[in-house]
Amino acid sequence: MMFGRLRRHLRISPVLVTFILFVLLAEQLVKASSEYDPYKVLGVSRSASQAEIKKAYKHLAREWHPDKNKDPGAEDMFIKISKSYEILSNEERRANFDRYGQMDENQPFGQSQHQGFRSFHNSFYFDESFFHFPRSRDFADSKYLLHHAQYNSVVLPDSHRRPYLIKVTSEWCFACIHIEPVWRETVQELEPLGVGIGIVDLGYERRLASQLGAHRAPSIIGLVNGRVTFFHQAVVREHLRQFVEDLLPQRLVEKITDNNYLPFLSNWHVENKPSVLLFDQVPVVPLLYKLTAFAFKDYVRFGYVDQGETSSTQLLRQFNINTYAPTMLLFKENTEKPADIIQARGMKRQIMDEFVSNNKFLQVPRLVNQQLFDELCPIKQFHRRRKYCVLLITGEDQAFVPGNKAFLDFASANSKDVLRFAYVYQRQQLPLCQALFHNQATLSPQVVILERRSQAGKVLYRSVTGGWNGSEEDKHHLHEQLELLQKDPAYLSSDTTLPELNNEMAPMFLIQWMNAAYDYILQLYDDFLYSNWREMMPILSLIFSALFILFGTVIIQAFSRPPKKDFVEVTELTDITYTSNLVKLRPGHINVVLVLTDSSKNALLRKFAKEVFSFSGTQTLHFSFLNADKHSHWMPSLLASTPDAAQNLGLSDDDEESSDYTGHVLALNGYKKYFCLFRPVFTGDDPSDASFSSDASLSSASRRKATSLEVHHKLDRLGLWMERLMEGTLPRLRVPAWPSLDATMNTSTES
């Protein structure tokens, strides 16, 4: 009214009146902003150190935390304290405030904050940031604030298990205040269902906002499987809920009736997953159930039964479903009887997650990839967490079905926490079977009990004798073996290194890629519809990157895949390589040397490479061989120069006079001048001859008897000796100086 009278009496134009109004508001805002001083809020001087600022902040934060302080103004004071600490803890923001009294790090230094009027002579421009009304952020929003590192390390990976709804906001945004009530109601509804919530402050997280493609506030973003989708409709609670539901992949939950429930439940042997049926009264699949299905899509198949439809009558009657409350049935191999059941009027997300998580594997799943093997048969860490994997190696033909079913019956009757039952198809996982049976063909089904010991594939195992045909005798024999295993962990007497399992689900990659491409095409169409070119750039970049990877990497590798290396490279110690591989070996490095002859070279080298292959990834180990026919004096000279060799190794006079060192292995530390010695041990034909330790001596009689055995049997215990070498438990023999490799020289080589 006052400005109306002023304009009538003074005949001032409307533009001038508006200009005067903005100037008055600006002056009040400048005055208000100048009164805010983060130093005064925290009670520190302008020369305070970061340690003093942090100490003051902690003290005030504890005092004014709304959960502890019941003062009505505690929440606003706590936010003001946090804001002051944000400014003063960042040296760039602090310097900006000290120089210009401004708090927004994104505005160029030295520029006026009052840039509401631009190009006055051409047009009148109004920017909402001109007002800079200080707005206290809702205290509940602080727990949802996202930072760049947190988004990439936590939110992005987690988006493959649940969708995220992210709001991009700013402190001086009027539209953000307008949508706040709807946003709060939506969060209260969707968060208990399992939807992730995030808030990005456009002022303080420019890097994250740029990564998301959000360049204005407010913006609402959906994130699923690492894919960003923008919300373009009116900010209404129902629209936001539908937006989240549309983010989820299609065909997550299958509609089940009397006509298709048997094929759905019987498909467990193809999908290798349990099945869950939800019975409810509503005609559409509840969002809560869809979110649960998305979280466990890699483990369980989900179906939905509408109890109100007449086509579900047989199902309700067969499983005796109570129609007054939602019911979940979980089926494994038995399609006639559920393995678990849960019923509750108020079905909560936590209840559903626990129910599915406790039943996400079949009773006897098939190992189809390495990830499933790692989850079912974890690596031993502590004695109490020991897990044994009982593995059936079988076939997929009809002739193997009775034996496979008998194995399932045995597993169901002998389920224990320490035992995990599984099976593999020999044709699909041939490298695994070859490693367990030493390249011997296994035509009949076999049962192997194994325990994983390392990430490199090291396992202890034992094959159950007699094979497996599913008879009562086989079940009784396997039960006895498992009882012995419980009493004596040393029952697993063999060891080997398993290769990584073949991924039998790899052919599904093309279908998954096509489904993902379909989703991206729909998103592109949506962005074209709304002309959001800046928001489309990350999607276009991702699509072109995926195409480049598909055609430039996958296809090329399919036609030019390098042969798989099964052996470790072993170099020969000669006059040229002797100095660099031993005398001048770098500190901390060890050279493992095999002694051989011309006649035993091929057999020993093959066996040696296989035994040490699992240790070849260690950067400090080098592998060589020494030809005793060329350098026959080196080993006797080395042992003769070692004062305690006879005492520590149990060498007899016959041993010292013998010149046959074939099959000996030495671990030489050239820098510290010591070595560890492996002496051949024969295993196999005579059990009494297999009881020697890895570094025990062989008598002359034993050596003569061993000549009838194959040469490569001399290295049968080398793998165990290598483990002791890595553990540092082998005896170390000190050497005053390394002998020369040249047989004609009697002098020693000094390091």
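This is a predicted model: local features need pLDDT of at least 70, side-chain atom pairs count only at pLDDT 80 or more; totals for chains, interfaces and linings use all residues.
Me: How many helices and strands does the chain have?
Reply: The chain has 28 helices and 22 strands, taken as DSSP runs numbered from the N terminus (helices H or I, at least four residues; strands E, at least two).

Me: Why is Val224 called buried?
Reply: Buried means under 20% relative accessible area, exposed over 50%, and partly exposed in between, with a 1.4 Å probe and protein chains only. Val224 has a relative accessible area of 1%, so Val224 is buried. Val224 lies in strand β3 (residues 219-224). Of the 751 residues in the chain, 44% are buried.

Me: Which residues is Val224 in contact with, leaving aside its neighbours within four places in sequence?
Reply: They are Ser159, Pro163, Leu247 and Phe294, where contact means heavy atoms within 4.5 Å. His160 is 64 residues from Val224 in sequence, and the C-alpha to C-alpha separation is 6.3 Å.

Me: Why are α8 and α10 called oblique to each other?
Reply: Angles under 35 degrees count as roughly parallel, over 145 as roughly antiparallel, 65 to 115 as roughly perpendicular and the rest as oblique. The axes of α8 (residues 174-190) and α10 (residues 237-247) cross at roughly 45° and come within 9 Å; the two helices are therefore oblique. Axes are lines fitted to C-alpha atoms, for helices over the stretch in contact, with angles from 0 to 180 degrees between N-to-C directions.

Me: What makes up the contact of α8 with α10?
Reply: α8 supplies Val182, Glu185, Thr186, Glu189 and Leu190, and α10 supplies Arg237, Leu240, Arg241 and Val244. These residues divide into four nonpolar, one polar and four charged.

Me: Why are α17 and α19 called oblique to each other?
Reply: The axes of α17 (residues 401-413) and α19 (residues 472-487) cross at roughly 45° and come within 11 Å. α17 and α19 are therefore oblique. Their contact is made by Ala406, Phe407, Asp409 and Phe410 of α17 with Lys475, Leu478, His479 and Leu482 of α19. It divides into five nonpolar, one polar and two charged residues, with Asp, Glu, Lys and Arg counted as charged, Ala, Val, Leu, Ile, Met, Phe, Trp, Tyr, Cys and Pro as nonpolar, and the others, Gly among them, as polar.

Technical notes. Residues are numbered from 1 along each chain as its sequence is written. Side-chain values use heavy atoms; hydrogens and water are left out.
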